[in-house]
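Work through the exercises below with the sequence and the model at hand. Each task is followed by a solution in steps.

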Amino acid sequence: MGQCPCFGSAQAAERERRAEADRRESEEARAKAAEAAQRRQEEFDKSAAGRAAKAQMKAMKESKTSNQGEPVLKWQMGS
């Protein structure tokens, strides 16, 4: 009832081939996702909301009046 030793190596080779195919598919999927994210970012940057966000970030960086360590939102108990 023993198996031929070459049969085991054939299974190992098939597993390795499948693992390599899975790695390639994963790599391709990541590359496509990165391209899609780049396109979405470019579209956002061109949109009115993107331009407004960029202008707001620029204004925040150039602002000379910072809160100097004070929290932006302050919690107050009761009224």
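## Exercise 1: Helix H2

Task: Check whether the end-to-end distance of helix H2 (residues 48-62) agrees with 1.5 Å a residue.

Solution. The structure is a predicted model. Helix H2 has 15 residues. The expected span is 1.5 Å times one less than the number of residues, so H2 should span 21 Å.

Next, consider cover. Among the 15 residues of H2, the count of buried residues is 1, so the helix is hardly covered. Here a residue is buried if its relative accessible area is under 20%.

## Exercise 2: The whole chain

Task: State how many helices and strands the protein chain has, and what percentage of its residues is buried.

Solution. The secondary structure consists of 2 helices and 0 strands. Of the 79 residues in the protein chain, 4% are buried. The protein chain exposes about 7,800 Å². Carbon and sulfur atoms supply 56% of that area.

## Exercise 3: The partners of Glu20

Task: Which salt bridges does Glu20 form with Arg23 and Arg24, and which residues belong to the network?

Solution. Take Arg23 to begin with. The closest N and O atoms of Arg23 and Glu20 are 2.8 Å apart, and the pair forms a salt bridge. Arg23 and Glu20 lie 3 residues apart in helix H1, so they are separated by about one helical turn.

Now take Arg24. Glu20 forms a salt bridge with Arg24 too, with the closest N and O atoms 3.9 Å apart. Both residues lie in helix H1, 4 residues apart, about one turn of the helix.

The relative accessible area is 32% for Glu20, 43% for Arg23 and 46% for Arg24. Glu20 is partly exposed, as are Arg23 and Arg24.

Finally, Glu16, Glu20, Arg23 and Arg24 are linked in a network of salt bridges. The whole structure has 5 salt bridges.

## Exercise 4: A charged patch

Task: Which residues gather in the patch of negative charge on the surface?

Solution. The patch consists of Asp22, Glu25, Glu27 and Glu28. Of these, Asp22 is placed in helix H1 (residues 5-46). At 46% relative accessibility, Asp22 counts as partly exposed. Patch residues need over 30% relative accessible area, so Asp22 passes that cut-off with its 46%.

Conventions: Residues are numbered from 1 along each chain as its sequence is written. This is a predicted model: local features need pLDDT of at least 70, side-chain atom pairs count only at pLDDT 80 or more; totals for chains, interfaces and linings use all residues. Side-chain values use heavy atoms; hydrogens and water are left out. Buried means under 20% relative accessible area, exposed over 50%, partly exposed in between (1.4 Å probe, protein chains only). Accessible areas come from the Shrake-Rupley method with a 1.4 Å probe; for residues, only the protein chains shown count as cover. Patches are made of residues with over 30% relative accessible area and no salt bridge: like charges are joined within 9 Å, nonpolar side chains (Val, Leu, Ile, Met, Phe, Trp, Tyr) within 5 Å. A salt bridge is a side-chain nitrogen of Lys or Arg within 4 Å of a carboxyl oxygen of Asp or Glu. Lys and Arg count as positive and Asp and Glu as negative; His and the chain ends are not counted. The place of a charge is taken as NZ of Lys, CZ of Arg, CG of Asp or CD of Glu.
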